[in-house]
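Here is a short briefing on one protein model. Read it with the structure open and follow each topic in turn.

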Amino acid sequence: MSVTAARGFEAAGVAAGLKSSGKTDVAVVVNRGPLKVGAAVFTSNRAKANPILWSQQAIQDGVVEAIVLNSGGANCFTGTFGFQTTHQTAERAAELLGVSSGDILVCSTGLIGTGDEVFRAKVLDGTADGVAALSPDGGEAASLAIMTTDSRPKRSVVRRDGWSIGGMAKGAGMLAPGLATMLVVITTDAVLDAAAADSALRRATGVTFDRLDSDGCMSTNDQVTLMVSGASGVAPEPEDFTSALAELCLDLATQLQGDAEGASHDIAIRVVHAATEADAVEVGRSVARNNLFKAAIFGNDPNWGRVLAAIGTTEAAFDPYDVDVWMNGVRVCSQGGPDASRDDVDLTPRATDLLIDLRVGEAAATILTNDLTHDYVHENSAYAS
């Protein structure tokens, strides 16, 4: 049930005609309370879509009554007209729900540059239809409505003693970190104030969505939103809530990784014994964004030399001639030199594990990525809707 698994929430997904396929393309999620707490993190891309600009303002008071999301058009680089469209979307939802438009967040996803008069009319009509269709069982419909090139919806639920967290996500391309990635809506019936919600969300996304780096391309529309109803009446310890939230975010991030456009391998790059966590992240990301390495994995080639070449471009503390590299459980490089034969490594499974031991400290981090395939190039050369 994703976003309606937690008590106090209703959702809907409707077809407004934004997609040429006729599939659902507008989702609405409403918090019925008693709390109306919200927190959000956004793309750090300087080129931000109009819904991001609006939502960054709306979230400042830590109150979120509802969120409206559309697929089938990014409403990015559509000028002041596009920002007015976002504003009108919030106003339409607010009017129908009897709340303030400043407490409505808006998200859009699709082709950049899409957002003309026809787009506006369909989004506004879809918002009205979505509010009319709200249901405590509408989480599944909402998760379908936000899909673009996704092959399947991404949903997750984490339950604890007396309280729950539910979430939905979309994303199959432009998966790279920037505080948040893709469009994600998370709901909880736990009792939290705005400061606690914001802190937990930033900590959870920092070790999950921020470490999904499928293709190195940062979107203009990325947003992760947490909505808090407090309907359970249970106030968990901050660490317990953050741990549960990170569990849910990691589940969604892993689902996004598994549905990345054209991918044939899901690669977990684990960097251990780094001097600092920041070093571990930098090293892992350097490999995740290395097209030669990614192409080698697509060809089932355990080319560990490309790993060392990639990490050598970083500022992290390590000796390149004292690094161990393991691929799917086989140590192919020991202290910067050849170890086991490449023939011993089986890279045919989709799940691929790369372990990089820097041998300088105790810090560690994991970056999630995918291989570079013919299908990825084809999908992104043909995508225009």
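Two strands pair if DSSP finds at least two bridges between them. Helices (H or I, at least four residues) and strands (E, at least two) are DSSP runs, numbered from the N terminus. This is a predicted model, in which local features need pLDDT of at least 70 and side-chain atom pairs count only at pLDDT 80 or more, while totals for chains, interfaces and linings use all residues. Residues are numbered from 1 along each chain as its sequence is written, and side-chain values use heavy atoms, with hydrogens and water left out.

**The five-stranded sheet**

- Five strands make an open sheet with mixed pairing, in the order β3-β9-β8-β7-β6.
- Its edge strands, β3 and β6, each pair on one side only.
- β8 and β9 run parallel and are joined by six bridges; Ile 186 stands opposite Leu 226 in β9.
- Helix α5 packs on this sheet, touching β3, β8 and β9, and its direction makes about 30 degrees with that of β3. Contact here means heavy atoms within 4.5 Å.
- Helix α6 (residues 238-258) lies across β6, β7, β8 and β9, at about 160 degrees to β6.

- Strands β6 (residues 154-160) and β7 (residues 163-170) run antiparallel, with seven bridges between them.
- Val 157 has Gly 166 in β7 as its bridge partner.
- Two residues lie between the strands of this hairpin, where Gly 162 takes a positive phi near 90 degrees.

- All six residues of β2 (residues 26-31) are buried. Buried means under 20% relative accessible area, exposed over 50%, and partly exposed in between (1.4 Å probe, protein chains only).
- Both faces of β2 are covered, with Val 26, Val 28 and Val 30 on one side and Ala 27, Val 29 and Asn 31 on the other.
- β2 runs antiparallel to β1 (residues 9-14), to which six bridges join it; Ala 11 stands opposite Val 29.
- β2 also runs antiparallel to β4 (residues 66-70), with five bridges; there Val 28 has Val 68 as its bridge partner.

**The six-stranded sheet**

- Six strands form an open sheet of mixed pairing, in the order β13-β12-β11-β14-β10-β15.
- β13 (337-338) and β15 (363-370) stand at the edges with a single partner strand each, so one side of each has no neighbour in the sheet.
- Seven bridges join β10 (residues 266-274) to β15, and the two run antiparallel; Ala 268 stands opposite Leu 368 in β15.
- Helix α7 (residues 277-288) lies across β10, β14 (351-357) and β15, at about 20 degrees to β15.
- Helix α9 (residues 304-311) packs on the sheet too, touching β11 (324-327), β12 (330-334), β13 and β14; its direction makes about 130 degrees with that of β11.

**Nonpolar cores**

- A nonpolar core is a set of buried Ala, Val, Leu, Ile, Met, Phe, Trp, Tyr and Cys residues joined through side-chain atoms within 4.5 Å.
- In soluble globular proteins, nonpolar side chains tend to be buried together.
- The largest core has 43 residues, of which Val 29, Ile 67, Leu 69, Ile 104, Met 168 and Val 185 touch the most other members.
- The largest share of this core, five residues, comes from β2.
- Another core, of 32 residues, lies apart from it and has among its members Ala 288, Leu 308, Leu 347 and Ala 363.

**Asp 189**

- Asp 189 lies in the loop between β8 (183-188) and α5 (194-206).
- With a relative accessible area of 1%, Asp 189 is buried.
- A polar atom of the Asp 189 side chain lies 2.8 Å from the backbone nitrogen of Ser 164.

**Cysteines**

- A disulfide is a pair of cysteine sulfur atoms within 2.5 Å, and by this rule the count is zero.
- Cys 107 is in no disulfide, and the nearest cysteine sulfur, that of Cys 76, is 13 Å away.
- Cys 107 is buried, with a relative accessible area of 3%, and Cys 333 is buried, with 0%.

Terms used. Polar contact = N/O pair within 3.5 Å; in protein donor to acceptor, adjacent residues only side chain to side chain. Axes fitted to C-alpha atoms, helices over the stretch in contact; angles between N-to-C directions.
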